[in-house]
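These are my notebook entries on a structure I had not looked at before.

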Amino acid sequence: MATPDRRSILIDAYENAAVIVSGISPDQLRNSTPCHGYDVAGLIDHVVEAGHRAAALGRGQAPPSGDASPHVELTEAPDRLRSAAQEAAAAWADDTRLVTTATMPWGEQYTGAALIDMYLLELAAHAWDLARATGQLDRLASTLAAPALSGAHTFIKQEFRDMVGPGAPFGAEVPPPPGANDWERCVAFTGRDPRARVTLSS
């Protein structure tokens, strides 16, 4: 079976996240998000940190354990994501990185191609979370959801669901609603209800 190469799609996911973050207003930072335990401000911090972790993995640097994310000001976050995208593009440019393995903090080993899928899903799902929480679903890139879902089917094992707490980092799969689009199918697989009501700031 050929090793999937979704490096360019990963870089597109950084840009998609940057576009969504750039559309967030300061009065939306305390909105809750579909991602368990995160408001908009906290999830922005997490997404920027995830972007840097993906780049570091491309350089062969294992990420630290834990999930602490330094605070990023809203005005700086889009540029930080785009800078991390440039780092990631350079770090993953060597084709041999796709088949090189790395051990993650929870003990699982993954090839570079699998790590790219992992962080593509991470960036795409959290971009959806932020878009859902701030009324920007129409700004999501239509080309990202299907490849993110494809990677998710490989990466998300049953034992990863509810492993930290209910819904974290992945809850039980939610049946996609009738007529679901690619984004809704993708996030439903991660345990999010794609059409659950959310409260938006006015």
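**Entry 1, before starting.** I note that this is a predicted model, and I read everything that follows with that in mind.

I looked up how helix α1, residues 7-22, lies against helix α3, residues 77-91, and found that the two pack at an angle of about 175° with their axes 8 Å apart. Because angles over 145 degrees count as roughly antiparallel, α1 is roughly antiparallel to α3. On the α1 side I listed I11, Y14, E15, A17, A18, V19, V21 and S22, and these meet A77, P78, L81, R82, A84, A85, A88 and A89 in α3. Sorting the residues of this contact by class gave me 13 nonpolar, one polar and two charged.

Next I turned to helix α4, residues 112-133, and helix α5, residues 145-155, whose axes come within 8 Å and cross at roughly 125°. That angle makes α4 oblique to α5, and I noted that the crossing of α4 past α5 is left-handed. Which residues make the contact? From α4 I wrote down D117, M118, L120, L121 and A124, and from α5 I wrote down P147, A148, G151, A152 and F155. By class, the contact of α4 with α5 holds eight nonpolar residues, one polar residue and one charged residue.

I then followed α5 to its contact with helix α6, residues 182-189, where the packing angle is about 25° and the axes are 8 Å apart. Since angles under 35 degrees count as roughly parallel, α5 is roughly parallel to α6, and the crossing of these two helices is left-handed. The residues in contact are A145, A146, A148, L149, A152 and H153 of α5, together with D182, W183, R185, C186 and F189 of α6. Their classes come to eight nonpolar, one polar and two charged.

I picked out E49, which lies in helix α2, residues 40-58.

**Entry 6, aromatic rings.** How many aromatic pairs are there? With ring centres required to lie within 6.5 Å, I counted zero aromatic pairs. I did find that R97 lies over the face of W92, at 5.9 Å from the ring centre.

Technical notes
Residues are numbered from 1 along each chain as its sequence is written. This is a predicted model: local features need pLDDT of at least 70, side-chain atom pairs count only at pLDDT 80 or more; totals for chains, interfaces and linings use all residues. Side-chain values use heavy atoms; hydrogens and water are left out. Rings of Phe, Tyr and Trp (its six-membered ring) pair if their centres lie within 6.5 Å; planes under 30 degrees apart count as stacked, over 60 as edge-to-face and the rest as tilted. A charge sits over a ring if NZ of Lys or CZ of Arg is within 6 Å of the ring centre and within 35 degrees of the ring normal. Axes are lines fitted to C-alpha atoms, for helices over the stretch in contact, and angles run from 0 to 180 degrees between N-to-C directions. Helices (H or I, at least four residues) and strands (E, at least two) are DSSP runs, numbered from the N terminus. Angles under 35 degrees count as roughly parallel, over 145 as roughly antiparallel, 65 to 115 as roughly perpendicular and the rest as oblique. A crossing is left-handed if the near helix is turned anticlockwise from the far one by less than a right angle, and right-handed if clockwise. Contact means heavy atoms within 4.5 Å. Ala, Val, Leu, Ile, Met, Phe, Trp, Tyr, Cys and Pro count as nonpolar, Asp, Glu, Lys and Arg as charged, and the others, Gly among them, as polar.
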